[in-house]
Amino acid sequence: MQKENITYEYKDITVSRKLELRWEDGYDKFGWELVKSAPAKVKPVWGPLKVMLAPLAVFPGMPFRNMVNGHESADRVEMRWKRKRDKQKENRNELNRLQERFETVMGELEYKERMKGLSAYMAGTACGLIGAVFLALSLFAYGMPAVHVGFAIPGILSWIVGAVLYFFLKEKGKKTAEKELEEKTETMDDICEQASALL
């Protein structure tokens with residue numbers, strides 16, 4: 001009885017924890033089998049900075065300990081996949097092309113997920129900083145009541161506008177992201193159907 005010689009190809013990817021199941025479903029359609037999934041390791045900081053942060057790492061509950069020693073990421077996952085290497089498969093090039101398209105769509109989805117709240121954060125922070133400048137100017141103009149109040153009112157209003165703008169843009173970003181997620185999901189489903197037909 002001759003033993004069958006099976007060779008495998010392996011692939012390691014690091015993905016967002018929120019999209020982990022989508023990656024699993026998609027890669028499964030391309031003939032990949034999940035070997036292991038674990039939280040991604042975050043590397044410690046650069047050497048000289050590590051030396052400067054080391055004394056602060058002794059305090060409990062401080063983020064410096066993770067920066068010095070490295071730690072497991074809370075929002076990234078490392079996944080290892082394997083698939084039987086089949087040299088005779090006629091559709092191998094087409095399957096690889098579809099897999100590249102799938103990875104591109106998933107990469108775009110991960111990028112959108114990371115950038116979802118960025119514009120809201122930037123707008124809110126900018127308004128907050130402008131408000132802080134006005135309030136600082138009003139503090140320096142304490143001896144002149146008209147100037148003091150003239151700087152204080154725009155400062156406080158800027159803080160209020162910043163908070164409202166942040167929540168408004170965050171909600172708008174969520175709705176836009178959900179719509180794009182649906183479109184990308186349809187595209188991924190089409191790609192995965194084509195891949196399943198080739199296997």
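# Burial and helix contacts

Visitor: Which helix holds Ala132?
Guide: The model is a predicted one. In it, Ala132 has its place in the stretch of residues 118-140. That stretch is helix H5.

Visitor: Does Ala132 count as buried, partly exposed or exposed?
Guide: Ala132 has a relative accessibility of 33%. Buried would need a value under 20%, and exposed a value over 50%. The value for Ala132 falls in between, so the residue counts as partly exposed.

Visitor: What distance separates the C-alpha atoms of Ala132 and Ile156?
Guide: Along the chain, Ala132 and Ile156 are 24 residues apart.

Visitor: In what order do the elements of the protein chain run from the N terminus?
Guide: The chain has six helices and three strands. Read from the N terminus on, their order is β-α-β-α-α-β-α-α-α.

Visitor: What share of the residues in the protein chain count as buried?
Guide: A residue needs under 20% relative accessible area to count as buried. The protein chain has 199 residues, and the share that counts as buried is 24%.

Visitor: Is Glu9 buried or exposed?
Guide: Glu9 is found in strand E1. Its relative accessible area is 14%. The limit for burial is under 20%, so Glu9 is buried.

Visitor: How wide an arc do the buried residues of H1 cover around the axis?
Guide: Helix H1 spans residues 20-29, and its buried residues are Glu20, Trp23, Gly26 and Tyr27. They lie on the same side of H1, because the arc they cover is only 130 degrees.

Visitor: Which residue just after H1 takes a positive phi?
Guide: The phi angle in question is about 90 degrees. The residue that takes it is Gly31.

Visitor: Are H1 and H4 roughly parallel or antiparallel?
Guide: The axes of H1 and H4 are 11 Å apart, with a packing angle of about 175 degrees. Angles over 145 count as roughly antiparallel, so H1 and H4 are roughly antiparallel.

Visitor: How many charged residues are there in the contact of H1 with H4?
Guide: From H1 come Arg22, Trp23, Gly26 and Tyr27, and from H4 come Gln99, Phe102, Glu103, Met106, Leu109 and Glu110. Five of the residues in this contact are nonpolar and two are polar. The charged ones number three.

Visitor: Is H1 roughly parallel or antiparallel to H6?
Guide: The axes of H1 and H6 come within 8 Å and cross at roughly 25 degrees. Angles under 35 degrees count as roughly parallel, so H1 and H6 are roughly parallel.

Visitor: Which residues of H1 meet H6?
Guide: On the H6 side, the contact has Leu181, Thr185, Met188, Cys192, Ala195 and Ser196. By class, the whole contact has four nonpolar, three polar and two charged residues. The H1 side consists of Arg22, Gly26 and Lys29.

Visitor: What is the handedness of the crossing of H4 and H6?
Guide: H4 covers residues 92-115 and H6 covers residues 145-198, and their axes come within 10 Å at a crossing angle of roughly 160 degrees. The two are therefore roughly antiparallel. The crossing is left-handed.

Visitor: How many nonpolar residues does the contact of H4 with H6 have?
Guide: H4 contributes residues including Leu95, Leu98, Phe102 and Met106, while H6 contributes residues including Leu181, Met188, Ile191 and Leu198. Two residues of the contact are polar and six are charged. The nonpolar residues number 12.

Methods:
Residues numbered from 1 in each chain as written. Predicted model: local features only at pLDDT ≥ 70, side-chain atom pairs only at ≥ 80, totals over all residues. Heavy atoms only, no water. Axes fitted to C-alpha atoms, helices over the stretch in contact; angles between N-to-C directions. Helix = DSSP H or I, 4+ residues; strand = E, 2+ residues; numbered from the N terminus. Parallel < 35°, antiparallel > 145°, perpendicular 65-115°, else oblique. Left-handed = near helix turned anticlockwise from the far one by under 90°. Contact = heavy atoms within 4.5 Å. Nonpolar A, V, L, I, M, F, W, Y, C, P; charged D, E, K, R; others polar. Buried < 20%, exposed > 50% of the residue type's maximum accessible area, 1.4 Å probe, protein only. Arc of directions from axis to C-beta.
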